[in-house]
Amino acid sequence: SHKYRLVTLRSVGFLVGVAGFISSSIVLFSGDGVTNLCPDCTYMSCVTFPPMVEEKWWYCDQCDRAFAEGILDTKSGLFIEIRMTCPNESVETVAMQEDWPQSELGLLQLLPSLCR
């Protein structure tokens, strides 16, 4: 009787685990990759890491989707300002610093850190 109950509980637990795995996989893979099925679940699905250092390995924000347009100085041919739009729709105008890159690719790589 005890052995029968133990086998039954293990079987039910296994079936519940498999059903949970299958149903969560269906929900995750049914998304289009752009829209978020659960916006509040972001804090459960991503943790900025490592937490104690300034230079992170990855971020959970959307700042990698920031875009900008450079404002050129016609005399020097160099960027003097960047008008940046962050994913939260805030628009910032940032004065260029001398040590920042002047290439489009270099500025694109700099945008996420400016957005944060």
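Across which strands does helix 3 lie? In this predicted model, helix 3, residues 104-115, lies across strand 1 and strand 2, and runs at about 60° to strand 2. I shall begin with the sheet, then turn to the core, and close with a charged pair.

The sheet is open and consists of three strands in the order 1-2-3, with antiparallel pairing. Strand 1 (67-72) and strand 3 (91-95) stand at the edges; each has a single partner strand, so one side of each is left without a neighbour in the sheet. From one strand to the next, the twist averages 20°. Strand 2, residues 79-85, is joined to strand 3 by five bridges, and the two run antiparallel. As a general point, strands of a sheet pair through backbone hydrogen bonds, either parallel or antiparallel.

Within strand 3, valine 94 is the bridge partner of isoleucine 82. Setting aside residues up to four places away in sequence, isoleucine 82 touches Ala68, Glu69, Glu92, Thr93, Val94, Met96, Trp100, Leu107, Leu111 and Leu114.

Isoleucine 82 also belongs to the largest nonpolar core, which has 12 residues in all. The members are Cys63, Ala66, Phe79, Ile82, Met84, Cys86, Met96, Trp100, Leu107, Leu110, Leu111 and Cys115. Strand 2 and helix 3 each supply at least two residues of this core, and the largest share, four residues, comes from helix 3. In general terms, nonpolar side chains in soluble globular proteins tend to be buried together.

Cysteine 115 is located in helix 3. Is cysteine 115 buried or exposed? Its relative accessibility is 15%, and the cut-off for buried is under 20%, so cysteine 115 counts as buried. Apart from its neighbours within four places in sequence, cysteine 115 is in contact with Cys63, Ala66, Met84, Cys86 and Pro87. Histidine 2, by contrast, is 113 residues from cysteine 115 in sequence and 61 Å from it in space, C-alpha to C-alpha.

How many salt bridges does a search of the whole structure find? The search finds one. In this salt bridge the side chains of arginine 83 and glutamate 69 meet, at 2.7 Å from N to O. Arginine 83 lies in strand 2 and glutamate 69 in strand 1, so the pair ties together parts that are 14 residues apart in sequence. Arginine 83 is partly exposed, with a relative accessible area of 35%, and glutamate 69 also counts as partly exposed, at 44% relative accessibility.

Terms used:
Residues are numbered from 1 along each chain as its sequence is written. This is a predicted model: local features need pLDDT of at least 70, side-chain atom pairs count only at pLDDT 80 or more; totals for chains, interfaces and linings use all residues. Side-chain values use heavy atoms; hydrogens and water are left out. Two strands pair if DSSP finds at least two bridges between them. Axes are lines fitted to C-alpha atoms, for helices over the stretch in contact, and angles run from 0 to 180 degrees between N-to-C directions. Contact means heavy atoms within 4.5 Å. Buried means under 20% relative accessible area, exposed over 50%, partly exposed in between (1.4 Å probe, protein chains only). A nonpolar core is a set of buried Ala, Val, Leu, Ile, Met, Phe, Trp, Tyr and Cys residues joined through side-chain atoms within 4.5 Å. A salt bridge is a side-chain nitrogen of Lys or Arg within 4 Å of a carboxyl oxygen of Asp or Glu.
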